[in-house]
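Here are my notes on the model, point by point. Please keep the structure open while you read.

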Amino acid sequence: MNLDTLSVSKEGAVLFVEIAAPPMNLLGPELVRDLVSLIKEAEPDEAVKILVFKSADPDYFIPHVDVTRIKEYRQEAAKLTGEASLALLFRYLSASRLITIAQIESRVRAAGSEFVLACDMRFAALESAIFGQFEPAFGLLPGGGAAQHLTRLMGRNRALEVMLSAQDYSAELAERYGWINRALPAAAWAILSDHWLNGSPAFLPPATQPSRTGSMLSHWQRSRTFAGTPMHLAKQYESPRRKVEFARR
Amino acid sequence: MNLDTLSVSKEGAVLFVEIAAPPMNLLGPELVRDLVSLIKEAEPDEAVKILVFKSADPDYFIPHVDVTRIKEYRQEAAKLTGEASLALLFRYLSASRLITIAQIESRVRAAGSEFVLACDMRFAALESAIFGQFEPAFGLLPGGGAAQHLTRLMGRNRALEVMLSAQDYSAELAERYGWINRALPAAAWAILSDHWLNGSPAFLPPATQPSRTGSMLSHWQRSRTFAGTPMHLAKQYESPRRKVEFARR
Amino acid sequence: MNLDTLSVSKEGAVLFVEIAAPPMNLLGPELVRDLVSLIKEAEPDEAVKILVFKSADPDYFIPHVDVTRIKEYRQEAAKLTGEASLALLFRYLSASRLITIAQIESRVRAAGSEFVLACDMRFAALESAIFGQFEPAFGLLPGGGAAQHLTRLMGRNRALEVMLSAQDYSAELAERYGWINRALPAAAWAILSDHWLNGSPAFLPPATQPSRTGSMLSHWQRSRTFAGTPMHLAKQYESPRRKVEFARR
């Protein structure tokens, strides 16, 4: 993939995407254009299952939109969804079959926070990640999903606090509030991600013999159900289920 | 404002309200009457945006209702909502345009807990705040909102635990369970509140030049939207949005 | 009660149930049969209010189903609900008037996790409890309630992480994510459970005189409401309320 503001590398079914839009990774027309290209290329490619986003800038993941070029980046967003709206681009990403993970080591604020909230999962470096939803300090509502996502993730009281205070939140507090999955030392992410993305047999109980494991696997692969539950009885929240179904293909 | 059980002082758009109903801040007719007066006076006053409640009693914020005067305090509550019900008084407060913050340094139990749950946000002193929803120990359901609020804030499992155990919970555990926004040292509240209520420029990214900030501000104030999202596309939970909209006026 | 895989002892209104299905507490036909017998006997018995489940095996609470005997355990489950489905057995347990508590000191994975998620409350030993929802590693969806329960308890992002990673989670992290009520040292459970299950007067405020307490109690027992709120005004989530109502009888 040839993109000006995104460096993409592929390992197995994972695309590692590094955001590099100097001088500070503003969400402007170039970055939106490249995100649209990335999604359009990755989504129909069955060999790609997971996108992991990180930043090439040690200070900024995405700090906010480029307010001098709003009309331009809206036009780029419209190329994916038909609507000149960042919010619908983010919504598209959330609903995509692609599993999206934000690996955050610096500042995400305003629309930057809304971008990572649109991802399926968010992990942040304890040492350096910073979160903020500062729009209300400018007399504005966050319009790209933060009001909804934060209310669901952390409850009305904490979402109101985050938006009305307009303050910065550390990774540690962001985890306590539910903004992110987990805050962990930057060095620990590599281990977690390696275990996880490559699959680890560590979860198998010690007493399970290899032959038994093979038999379990073979049975479960045939039946496509678990614990004897016909799928039509399992009323599941649609989105997590669809993502899991995709992942198991 | 001339109230027997509430000391009110005004700083900017904030009313600081100290509950002082000796001997132990029981929620009785006088306190309910004064809360009704406070709300009736503050709500139509456009110069008031925020109410911060604290207690003048070092041991009790509000421990429970005055069970010897139920009919009387119900009659006082009816003067606000038309219904002789504390629960509807609390509900009125939650739905009010006023932003309400409970600063808790002592015991909130039973209807006292329900009062702070009706506030938009709750902060508690790590050293001394205590939380309890003990009604089930007397064979009763909490009827003033606790069953609903706690279930949403902490999940069915923890809400059942809190109600069925009828035990006291520390500020630290109350934060882990989601009962409150945050437990913090009593001394830290002053700093947080000062940063927050007076607005802090600390959230502006260092690289943002003053002129740029002015331009952002001016743009956003004109457009009344953010990130290019038309408001009609942003389906937001009604209550947080309304509180944020109010705060930005 | 005479059951092969469950040791049951009664203290007051509590049945303490120890799962002992060697060699590793697999959820197979015998254990399902005995769970069905237990529920059928305990539910109509008004002297029983609470079931506390623990494991006799120091390594396994319930690690997963016995995949070699799926048809058989489904047939046992059908004897309670009419459907050959573990998921409906778990659902039955959640909706039961019985208050169910899982005391977890070892591994709960897959359907074992779904069993404890079906309980009303979950407490885990910090030292030794382990949680996993590993079905997706075998190309399967958890079909017995985990997808739904985990999404509600920990949010879509963390539920996706747990299921897609298929990793083991410590008790401490399980608490932070909301999988369980609380992780605490194994020794602390005895104290908590004793305080709780036997009722503790500790929650009464020091300033409350005994005579006053008696008067409160007597009043509240008469009125069956609290804080002056008519019950028909209290729209409560159905399940927590029903469990609380049952507990106060």
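1. Start with helix 4 of chain C. Its buried residues are Ala111(C), Gly112(C), Ser113(C), Glu114(C), Phe115(C), Val116(C), Leu117(C) and Ala118(C). That is eight of eight, so the helix, residues 111–118, is mostly covered. Bear in mind that this is a predicted model.

2. Now the residue Glu114(A) in chain A. Glu114(A) lies in helix 4 of that chain. Is Glu114(A) buried or exposed? Its relative accessibility is 0%, and buried means under 20%. Glu114(A) therefore counts as buried. The C-alpha atoms of Glu114(A) and Ala146(A) are separated by 5.4 Å, although the two residues are 32 apart along the chain.

3. That pair belongs to a helix contact. On one side, helix 4 of chain A contributes Glu114(A), Leu117(A) and Ala118(A). On the other, helix 5 of chain A contributes Ala146(A), His149(A), Leu150(A) and Leu153(A). By class, the residues of this contact divide into five nonpolar, one polar and one charged.

4. Next, the geometry of the contact. Helix 4 of chain A spans residues 111–118 and helix 5 of chain A spans residues 146–165. Their axes come within 10 Å and cross at roughly 55°. The two helices are therefore oblique to each other. Helix 4 of chain A passes helix 5 of chain A in a left-handed crossing.

5. On to the sheet in chain B. Six strands form an open sheet in the order 1-2-3-5-7-10, with mixed pairing. Which strands stand at the edges? They are strand 1 (6–11) and strand 10 (182–184) of chain B. Each has a single partner strand, so one side of each is left without a neighbour in the sheet. On average, neighbouring strands are turned by 20° against each other, direction ignored.

6. A helix of another chain packs on this sheet. Helix 5 of chain A touches strand 5, strand 7 and strand 10 of chain B. The direction of helix 5 of chain A makes about 90° with that of strand 7 of chain B.

7. With strand 3 (residues 50–55) of chain B, it pairs in the parallel sense over four bridges. Ile50(B) stands opposite Ile99(B) there. Four bridges also join strand 5 (residues 99–104) to strand 7 (residues 121–125) of chain B, and these two run parallel. In strand 7 of chain B, Met121(B) is the bridge partner of Ile101(B), and Phe123(B) is that of Gln103(B).

8. Last, the strands of chain C. Strand 1 (residues 6–11) and strand 2 (residues 14–19) of chain C pair in the antiparallel sense over six bridges. Ser9(C) stands opposite Phe16(C) in strand 2 of chain C. The two strands form a hairpin with two residues between them. Gly12(C), in the turn, has a positive phi of about 60°.

9. Strand 2 of chain C also pairs with strand 3 (residues 50–55) of chain C. Six bridges join them, and they run parallel. Val14(C) stands opposite Ile50(C) in strand 3 of chain C.

Methods: Residues are numbered from 1 along each chain as its sequence is written. Chains are lettered from A and ligands numbered from 1 in the order in which they are written. This is a predicted model: local features need pLDDT of at least 70, side-chain atom pairs count only at pLDDT 80 or more; totals for chains, interfaces and linings use all residues. Side-chain values use heavy atoms; hydrogens and water are left out. Axes are lines fitted to C-alpha atoms, for helices over the stretch in contact, and angles run from 0 to 180 degrees between N-to-C directions. Angles under 35 degrees count as roughly parallel, over 145 as roughly antiparallel, 65 to 115 as roughly perpendicular and the rest as oblique. A crossing is left-handed if the near helix is turned anticlockwise from the far one by less than a right angle, and right-handed if clockwise. Contact means heavy atoms within 4.5 Å. Ala, Val, Leu, Ile, Met, Phe, Trp, Tyr, Cys and Pro count as nonpolar, Asp, Glu, Lys and Arg as charged, and the others, Gly among them, as polar. Two strands pair if DSSP finds at least two bridges between them. Buried means under 20% relative accessible area, exposed over 50%, partly exposed in between (1.4 Å probe, protein chains only).
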